[in-house]
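The structure comes first, then the notes.

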Amino acid sequence: STTYYYRVRHVNTNSTSTQSNTITTKTTVSAATQADSTALREIYAAIDPSTLNWETGRLQEWTGVTFNTTRDRVVSVDISNSNATGEMPTSFSTSVTSNGGLSQLTSLNVSGNQLTGITPPGNFPLLSDLNVSNNALTFGDLEPLVAANVATLNYLNQAPIQFDRDLDFEEGEAIEVRNQT
């Protein structure tokens with residue numbers, strides 16, 4: 001919330017009044033807007049995108065965050081090429097989920113980073129545009145994204161899987177790749 005202070009005086013052709021007493025007005029932030037902000041802060045804390053200004057300022061001024069026409073809900077997040085690393089949260093805090101945090105999100109672009117895990121699209125019921133290309137996601141990370149039937153999904157060019165030894169296979173031999181953490 002923000003507090004504003006006002007003083008009023010009357011001016012006409014004959015005279016000017018003295019200043020009034022100070023009037024204080026405080027804006028409020030809806031629970032849904034606060035939940036959006038908290039969700040974005042949780043994402044920021046998990047992946048530390050160094051090129052974003054999400055640690056300071058008002059939510060409406062954060063880099064890569066777009067709002068709906070009434071400017072009270074986040075509808076798009078673009079944190080592409082922001083030097084983000086690690087895993088996005090797989091779930092959010094109770095204050096986020098109970099107040100519908102990011103429930104109006106329709107577009108998410110996290111391309112061009114080094115993400116090794118992504119928030120499940122089920123957390124974003126209106127998501128229709130998702131770009132996770134050029135990260136370090138595994139098949140296991142990508143499979144739920146494809147199954148979520150997001151209208152536009154770009155997941156190409158993930159970092160190569162690194163093996164700690166040479167692999168030798170016979171033609172036609174079945175292989176299984178598992179993520180050992």
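D78 has N109 in strand 6 as its bridge partner. The model is predicted: local features need pLDDT of at least 70 and side-chain atom pairs count only at pLDDT 80 or more, while totals for chains, interfaces and linings use all residues. Residues are numbered from 1 along each chain as its sequence is written, and side-chain values use heavy atoms, with hydrogens and water left out.

**Strand pairing**
- Strands are DSSP runs of E with at least two residues, numbered from the N terminus, and two of them pair if DSSP finds at least two bridges between them.
- Strand 4 and strand 6 (residues 107-109) run parallel and are joined by 3 bridges.
- Strand 3 (residues 65-67) runs antiparallel to strand 4, also with 3 bridges, and F67 stands opposite V74.
- These two, strand 3 and strand 4, form a hairpin with 6 residues between them, and R71 in the turn has a positive phi of about 55°.

**Burial**
- Buried means under 20% relative accessible area, exposed over 50%, and partly exposed in between (1.4 Å probe, protein chains only).
- In strand 4 (residues 74-78), 4 of the 5 residues are buried.
- N109 is buried because its relative accessible area is 18%.

**Surroundings of N109**
- The side chains of N109 and S111 make a polar contact of 2.7 Å.
- A polar contact is a pair of N or O atoms within 3.5 Å; within protein, one must be able to donate a hydrogen and the other to accept it, and residues adjacent in sequence count only if both atoms are side-chain atoms.
- With neighbours within four places in sequence left aside, N109 is in contact with V77, D78, I79, S80 and N131, where contact means heavy atoms within 4.5 Å.
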